[in-house]
Amino acid sequence: MKKKIIVLTGAGMSADSGLKTFRDADGLWEGHDVMEVASPQGFRAQPKLVLQFYNERRRQLLQVEPNAGHKALVELELKYDVQIITQNVDDLHERAGSSKVLHLHGELFKVRSTAPPYTVYEWKKDLNLGDQCEMGNQLRPHIVWFGEEVPQLPKAAELTSKADILIIVGTSLQVYPAASLVYYARPGAPTYLVDPKPALTNSRDLNLKLIASKASEGVPKLVSSLL
Ligand code: APR
């Protein structure tokens, strides 16, 4: 049986593809306060601005490509049972060819109704006020905003608890509950962190090996050492 590897990825995974991280620029995300564009209150206060913001993110995502780090994780499947758990809302892991990807914080190319039954739709174009589900309710980005439930968390925790090896790439581990996932890993499970400016604060209990480089360089190197 193949060994199980869990790869926990954050914004730094896609930085080398040209997508900005959240916390590298004074807490601003593409010039916006994250609470303004990534919270239910922000959406209630300025729905048009929030939809516009995600429209820009969606257009940008259509123009970028997976980087060498995303591609290396696909190679890892040759020898391991690889499950990716990503905080990213982009589809770059899927486009690179990874077979098991769990999105903790939703997906940019999906939208959902703002009222029950919260139907989810594939969506690659702009989303505007007036775009409705079949029941006539406004659609919103299928993104987990600050203060909202993380429906995939129990599944992610269960998967992490079964990992033989844990790889963490490009996340500041500052946003809970996603950051708490590392604590579900089996005590002593080998853990690798690929990040040029690693946040080690809550990783001190882990059997951790640090690879202080960019995802597009550090991940391929790590993958070849594991293969
Ligand atoms: N390669 C690898 N890591 C990088 C790179 C790179 N080229 N560039 C930056 N990083 C690292 C940074 O050092 C930082 O540790 O990526 C991390 C990015 O951290 P954040 O911007 O906080 O992103 P993330 O941890 O994914 O944020 C979590 O916050 O806003 C919410 O829901 C959003 O999913 C997001 C969550």
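Seven salt bridges are present in this structure, a salt bridge being a side-chain nitrogen of Lys or Arg within 4 Å of a carboxyl oxygen of Asp or Glu. The model is a predicted one, in which local features need pLDDT of at least 70, side-chain atom pairs count only at pLDDT 80 or more, and totals for chains, interfaces and linings use all residues. Residues are numbered from 1 along each chain as its sequence is written, and side-chain values use heavy atoms, with hydrogens and water left out.

**Stop 1: the charged pairs**

Select Arg59 and Asp126, whose side chains meet in a salt bridge with an N to O distance of 2.4 Å. This pair links distant parts of the chain, 67 residues apart, with Arg59 in helix α4 (residues 47–63) and Asp126 in the loop between β7 (120–122) and β8 (139–143). Helices (H or I, at least four residues) and strands (E, at least two) are DSSP runs, numbered from the N terminus. Arg59 has a relative accessibility of 44% and counts as partly exposed, and Asp126, with a relative accessible area of 24%, is partly exposed as well. In these terms, buried means under 20% relative accessible area, exposed means over 50%, and partly exposed is in between, with a 1.4 Å probe and protein chains only.

Then select Lys110 and Glu107, a salt bridge with an N to O distance of 3.1 Å, in which Glu107 counts as partly exposed at 22% relative accessibility.

**Stop 2: the ligand and its surroundings**

Now select the ligand together with its shell of 21 surrounding residues, of which the closest are Arg23, His105, Thr171, Ser172 and Asp195; a residue is near a molecule or strand if one of its heavy atoms lies within 4 Å of it. Helix α1 (residues 11–15) gives the most to this shell, contributing three residues.

A backbone N or O atom of Gly12 lies 3.2 Å from a nitrogen atom of the ligand, and a polar side-chain atom of Asp16 lies 2.9 Å from a ligand nitrogen atom. A backbone N or O atom of Gln87, in turn, lies 3.0 Å from an oxygen atom of the ligand. How much of the ligand's area does the protein bury? Taken alone the ligand exposes 730 Å², and the protein buries 92% of that, the accessible areas coming from the Shrake-Rupley method with a 1.4 Å probe, where for residues only the protein chains shown count as cover.

**Stop 3: Ser17**

With a relative accessible area of 13%, Ser17 is buried.

**Stop 4: backbone geometry in two loops**

In the loop between β6 (106–113) and β7, select Pro117, which a cis peptide bond joins to Pro116, with omega about 5°. Tyr118 also has its place in the loop between β6 and β7, and phi of Tyr118 is near 50°, a positive value in a residue other than glycine. The relative accessible area of Tyr118 is 44%, so Tyr118 is partly exposed.

Continue to the loop between β9 (165–169) and β10 (190–194), the place of Pro177. A cis peptide bond joins Tyr176 and Pro177, again with omega about 5°. Leu173 lies in the loop between β9 and β10 and has a positive phi of about 50° although it is not a glycine. Is Leu173 buried or exposed? At 6% relative accessibility, Leu173 counts as buried.

**Last stop: Asp90**

Finally, select Asp90 in the loop between β4 (81–86) and α6 (92–96), a residue that counts as buried at 7% relative accessibility. A distance drawn from the C-alpha atom of Asp90 to that of Ala156, 66 residues apart along the chain, gives a separation of 18 Å.

Terms used
Polar contact = N/O pair within 3.5 Å; in protein donor to acceptor, adjacent residues only side chain to side chain.
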